[in-house]
Amino acid sequence: MFPTVNPTSGIFQPARHCWSPNRDARPLHTSTELIVVHGISLPPGVFGTEWVEALFMNRIPNDHPDPLLRSVSSLRVSAHLYIARDGRTIQFVPFLERAWHAGASHWRGREHCNDFSVGIELEGTDEQAYEPVQYQNLAAAIRALWDAYPSLAAGAIVGHSEIAPGRKTDPGPAFDWARLRQILAAGTGPGGAAVSSP
Ligand SMILES: [Zn+2]
């Protein structure tokens, strides 16, 4: 299936849809202009776990034996999309709504980047190379977003570290911006940029 975003519903296909409670309405008359790329793994550096999804769904037990998981269990956060190491993509928040991914942040003199951005999390760490399929599926999602929302196409793509300097470092030096730009510039590339659905 060719990746698409329905501009009216804000829903991305193909993806698994798992609506996070950590979302609300964007402020009125706010156009969406920014795509924020993040990196996350839970526990950090451990891939293929259920814990990122559990974090965005407020399902990490607050008495979990792992102190790291316990420490994030009370956070109320989300992202619009999550792309796992194997390319599986989950949508947690429709793009028309505000996901809680950026925290205290600013971009070009504006604060509260959640208001006007789309947040996309890649499963990873700052130091470990992201997977080729993650770049392909990220690019496919960005292209679908650009098609659906011209204000995003006219905007920018940044890392979380760029809008929350000194506080956040993701997606880290491991994220290859040149590679993302190259895929976006090249169109769908050989075989098309399929986004896998679980
Ligand atoms: Zn982040």
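**A guided tour by selection**

Select proline 27 to begin: with 11 C-beta neighbours inside 10 Å, proline 27 counts as exposed. Proline 27 is found in the loop between strand 4 (23-25) and strand 5 (34-40). Helices (H or I, at least four residues) and strands (E, at least two) are DSSP runs, numbered from the N terminus.

The model is predicted, so local features need pLDDT of at least 70 and side-chain atom pairs count only at pLDDT 80 or more, while totals for chains, interfaces and linings use all residues. Residues are numbered from 1 along each chain as its sequence is written.

**The whole chain**

Now select the entire protein. It has six helices and twelve strands. Its radius of gyration is 16 Å, close to the 16 Å that the globule rule gives for 198 residues, so the protein is as compact as a globular protein of that length. This radius is taken over C-alpha atoms, and the globule rule is 2.2 Å times the number of residues to the power 0.38. The C-alpha atoms fill a box of roughly 45 × 40 × 30 Å, taken along the principal axes. Buried residues make up 42% of the 198 residues. Of the contacts between residues at least 6 apart in sequence, 72% join residues at least 24 apart; two residues are in contact if their C-beta atoms, placed from the backbone, lie within 7 Å.

**Helix 3 against helix 6**

Select residues 132-148 (helix 3) and 177-185 (helix 6): the two pack at an angle of about 55°, with their axes 9 Å apart. Axes are lines fitted to C-alpha atoms, for helices over the stretch in contact, and angles run from 0 to 180 degrees between N-to-C directions. The angle makes helix 3 oblique to helix 6. Angles under 35 degrees count as roughly parallel, over 145 as roughly antiparallel, 65 to 115 as roughly perpendicular and the rest as oblique.

Which residues make the contact? Helix 3 contributes Tyr135, Gln136, Leu138, Ala139, Ile142 and Arg143, and helix 6 contributes Arg179, Leu180, Ile183 and Leu184. By class, the contact has seven nonpolar, one polar and two charged residues. Here Ala, Val, Leu, Ile, Met, Phe, Trp, Tyr, Cys and Pro count as nonpolar, Asp, Glu, Lys and Arg as charged, and the others, Gly among them, as polar.

**A buried glutamate**

Move to glutamate 123, in strand 11 (residues 117-123). Is this residue buried or exposed? Glutamate 123 is buried, with 23 other C-beta atoms within 10 Å. Not counting residues up to four places away in sequence, glutamate 123 touches Ile40, Ser41, Phe47, Val52, Ile83, Ala84 and Arg85.

**Backbone exceptions**

Most residues other than glycine have a negative phi, and most peptide bonds are trans. The next selections depart from that pattern.

- Glutamine 13 and proline 14 are joined by a cis peptide bond, with omega about -5°. Proline 14 lies in the loop between strand 2 (11-13) and strand 3 (16-17).
- Aspartate 170 to proline 171 is also a cis peptide bond, with omega near 5°. Proline 171 is in the loop between helix 5 (160-163) and helix 6.
- Arginine 108 is not a glycine, yet has a positive phi of about 50°. Its place is the loop between strand 9 (106-107) and strand 10 (110-111), and with 11 C-beta neighbours inside 10 Å it counts as exposed.
- Histidine 112 has a positive phi near 55°. Histidine 112 lies in the loop between strand 10 and strand 11 and is partly exposed, with 16 other C-beta atoms within 10 Å.

Finish at methionine 1, in the segment before strand 1 (4-6). Methionine 1 is exposed, with 9 other C-beta atoms within 10 Å. Leaving aside neighbours within four places in sequence, methionine 1 is in contact with Gln13 and Pro14. The C-alpha atoms of methionine 1 and glutamine 13 are separated by 7.9 Å.

Conventions
A residue is buried if 20 or more other C-beta atoms lie within 10 Å of its own, exposed if 12 or fewer, and partly exposed in between; C-beta atoms are placed from the backbone.
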